[in-house]
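This briefing is meant for someone meeting the structure for the first time. Please look over the sequence and the model before reading on.

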Amino acid sequence: QELLPSETSVNEVPASRKKNSSYADAFINLIKSYTGSGLLGLPFAFSQGGLLGGLTVMILVGFISTHCMQLLVSSKRKIHKLGHTNIVTFGDCGKFGFGKKGFWFINGLLLFTQFGFCCAYMIFIGKNIYSFFPEHLQKVWEWR
């Protein structure tokens, strides 16, 4: 089943908004997002929450995430059925519903979450690199 109504074609999207990514690019991006620091941090999360608590929270968050994704897709379908085929991004959906403030609010939240993911990933990588090379990195730190 398509994410957009069948009467909508890619040609209706303005040329400035077209994306040149293939299904392989999208698949690789999906795999990268699932195998990032979140998956690598799961063992620590389970060690802190226990097996039952960890499974409960993980299943609950999975259901909430899936529900929210379905809401986004159905909202975009309804907007396209109204004839607004230039809605491409989440920010566009926010602009359609709430004006420019909605556009900036949604894009700001996306920026905030992506920045948070980057910070968490950098902390995770830094701690792991230090655990593999503590003597070498200690010398580098003292040299500064």
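What percentage of the 144 residues of the protein count as buried? The share is 11%, where buried stands for under 20% relative accessible area, exposed for over 50% and partly exposed for values in between, with a 1.4 Å probe and protein chains only. This is a predicted model, in which local features need pLDDT of at least 70 and side-chain atom pairs count only at pLDDT 80 or more, while totals for chains, interfaces and linings use all residues. Residues are numbered from 1 along each chain as its sequence is written, and side-chain values use heavy atoms, with hydrogens and water left out.

**Overall fold**
- The protein has six helices and zero strands, with helices (H or I, at least four residues) and strands (E, at least two) taken as DSSP runs numbered from the N terminus.
- Along the sequence, the pattern reads α-α-α-α-α-α.

**Helix 3**
- Helix 3 spans only 40 Å between its end C-alpha atoms, whereas a straight helix of 40 residues would span 58 Å at 1.5 Å a residue, the expected span being 1.5 Å times one less than the number of residues.
- At Gly50, helix 3 bends by about 115°, the bend being the angle between axes fitted to the seven residues ending there and the seven starting there.
- The buried residues of helix 3 are Gly54, Lys76, Ile79 and His80.

**Lys76**
- Lys76, which lies in helix 3 (residues 42-81), is buried yet has no salt bridge, a term for a side-chain nitrogen of Lys or Arg within 4 Å of a carboxyl oxygen of Asp or Glu.
- The nearest side chain of opposite charge to Lys76 is that of Asp92, 7.2 Å away, where Lys and Arg count as positive, Asp and Glu as negative, and His and the chain ends are not counted.
- A polar atom of the Lys76 side chain lies 2.8 Å from the backbone oxygen of Val88.

**Thr89**
- Thr89 sits in the loop between helix 3 and helix 4 (90-98), and with a relative accessible area of 29% Thr89 is partly exposed.
- The side chain of Thr89 reaches the backbone nitrogen of Asp92 at 3.1 Å.
- The C-alpha atoms of Thr89 and Ile106 are separated by 10.0 Å, with the two residues 17 apart along the chain.

Note on methods. Polar contact = N/O pair within 3.5 Å; in protein donor to acceptor, adjacent residues only side chain to side chain.
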